Amino acid sequence: MELVALAVLMAAVTYPSRAVPLILPGFDRLPPIVDEYLRLIGPGILASLAAVNVLVITDASGDRRFHLGPELLAVLVCVAVVAWRRSLLPGLVCAVVLVAAARWLGAA
Amino acid sequence: MPDVAAVRRRLISDGIGIGVSAGAFALVYGLAARQAGLSPIEGLAMSAIAFAGAAQFAAIGLLVQGVPWLGIIVLTALLNARHLLYSASLAPWFTGRSRRERAAASYILTDEAFALALPAFRALGRYDRQTYLIAGMFVFVPWVSATMLGMLFGELLPDPTTLGLDIVFPAAMAGLAVALVVDRRAATAAVVGVVVGVVVALAVGPSVGILAGGLAGPAVALMVRETPAQVSAAEAAQTGSAGLP
């Protein structure tokens, strides 16, 4: 049961990063340039998150390396399908099928 | 402007894949937690209270290696620092909402909830409580329930990576970014976010890279000149004739 306390401590350091800008007074009445910066965070961080996930691999010893594989192709296919169909689900299905097939064939 | 029902239908359609992915990895997390010696209550507490995805996997690995709690807590804070950007980016949409509602909304703010909610708010032109709740629950419910299943039955299930399910998270993040790339500045933010994110991730580490990409992309994008149509839209917004934050 003692690890419940660790879970609480992990929550205690996670929650402020989720809450502070939302709760802080005045954060919803910012100068236009700051508003514009915040609008651009969405595409910036989501693209960064996706790219780091598929292009950077960290091995068991903590070493990082650049990785080009079918995962990148799968993400690009997903983006193309989403742009075409305006729906995420078909894009995800295509990405999963592509990666699963590549791994089954030994390409990843 | 789309109606709320249409936006929620789209959100649910987009959320299905994300929910499946979250559930699959929570199964793995549950199994890993059990193998690391956590009781079902401890494993579940991590998912329901900390609700911290990658940080939970890292915590399990560090616990097994005997790393002190302080190290785990510091790593958790670093891994989750990117939520500051999500929270700041969503803040303008919460104008007029009570502090209690904002505090509750913060609890379910994750990568996926942000990625699902922001395009929905943009489509609606405003914040909608139920829409946000649906976005948050698409991760919270499968994450917590599948953690318990993983702790109880995880050894019976195949590894999600062999089924290609590990691609769902990055593909979903990239796919949901598509809806946010509405002009040259947003496209620049995305491209610079990718380049800076990957370079810094290779040099320093993935968490710092993601954060750096999320900070640098918009900063560089602000230097891109707006088109005349965008300038007009911004002026209209400042005079109150447009409702988008």
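Helices (H or I, at least four residues) are DSSP runs numbered from the N terminus. The model is predicted, so local features need pLDDT of at least 70 and side-chain atom pairs count only at pLDDT 80 or more, while totals for chains, interfaces and linings use all residues. Residues are numbered from 1 along each chain as its sequence is written, and chains are lettered from A and ligands numbered from 1 in the order in which they are written.

**Exercise 1.** Describe how helix 3 of chain A and helix 9 of chain B pack.

Step 1: helix 3 of chain A contributes A:Ala74, A:Val75, A:Cys78, A:Val79, A:Val82 and A:Ala83, and helix 9 of chain B contributes B:Pro170, B:Ala171, B:Ala174, B:Gly175 and B:Val178, a contact being two residues whose C-beta atoms, placed from the backbone, lie within 7 Å.

Step 2: sorted by class, this contact of helix 3 of chain A with helix 9 of chain B has 10 nonpolar residues, one polar and no charged, with Ala, Val, Leu, Ile, Met, Phe, Trp, Tyr, Cys and Pro counted as nonpolar, Asp, Glu, Lys and Arg as charged, and the others, Gly among them, as polar.

**Exercise 2.** How many residues does each chain give to the contact between chain B and chain A?

Step 1: chain B gives 85 residues and chain A gives 63.

Step 2: on the side of chain B that touches chain A, 58 residues are nonpolar, 20 are polar and seven are charged.

**Exercise 3.** Work out how helix 10 of chain B is oriented against helix 11 of chain B.

Step 1: the axes of helix 10 of chain B and helix 11 of chain B (residues 206-221) come within 7 Å and cross at roughly 150°.

Step 2: that angle makes helix 10 of chain B roughly antiparallel to helix 11 of chain B, since angles over 145 degrees count as roughly antiparallel, under 35 as roughly parallel, 65 to 115 as roughly perpendicular and the rest as oblique.

Step 3: helix 10 of chain B passes helix 11 of chain B in a right-handed crossing, and the residues of their contact divide into 16 nonpolar, seven polar and one charged.

Step 4: just after helix 10 of chain B, B:Gly205 takes a positive phi of about 160°.

**Exercise 4.** Which residues join helix 2 of chain B to helix 3 of chain B?

Step 1: the axes of helix 2 (residues 40-50) and helix 3 (residues 54-64) of chain B come within 10 Å and cross at roughly 145°, and the crossing is right-handed.

Step 2: B:Met46, B:Ser47 and B:Ala50 in helix 2 of chain B meet B:Ala55, B:Gln56 and B:Ala59 in helix 3 of chain B.

Step 3: four residues of this contact are nonpolar, two are polar and none is charged.

How values were computed: Helices (H or I, at least four residues) and strands (E, at least two) are DSSP runs, numbered from the N terminus. Axes are lines fitted to C-alpha atoms, for helices over the stretch in contact, and angles run from 0 to 180 degrees between N-to-C directions. A crossing is left-handed if the near helix is turned anticlockwise from the far one by less than a right angle, and right-handed if clockwise.
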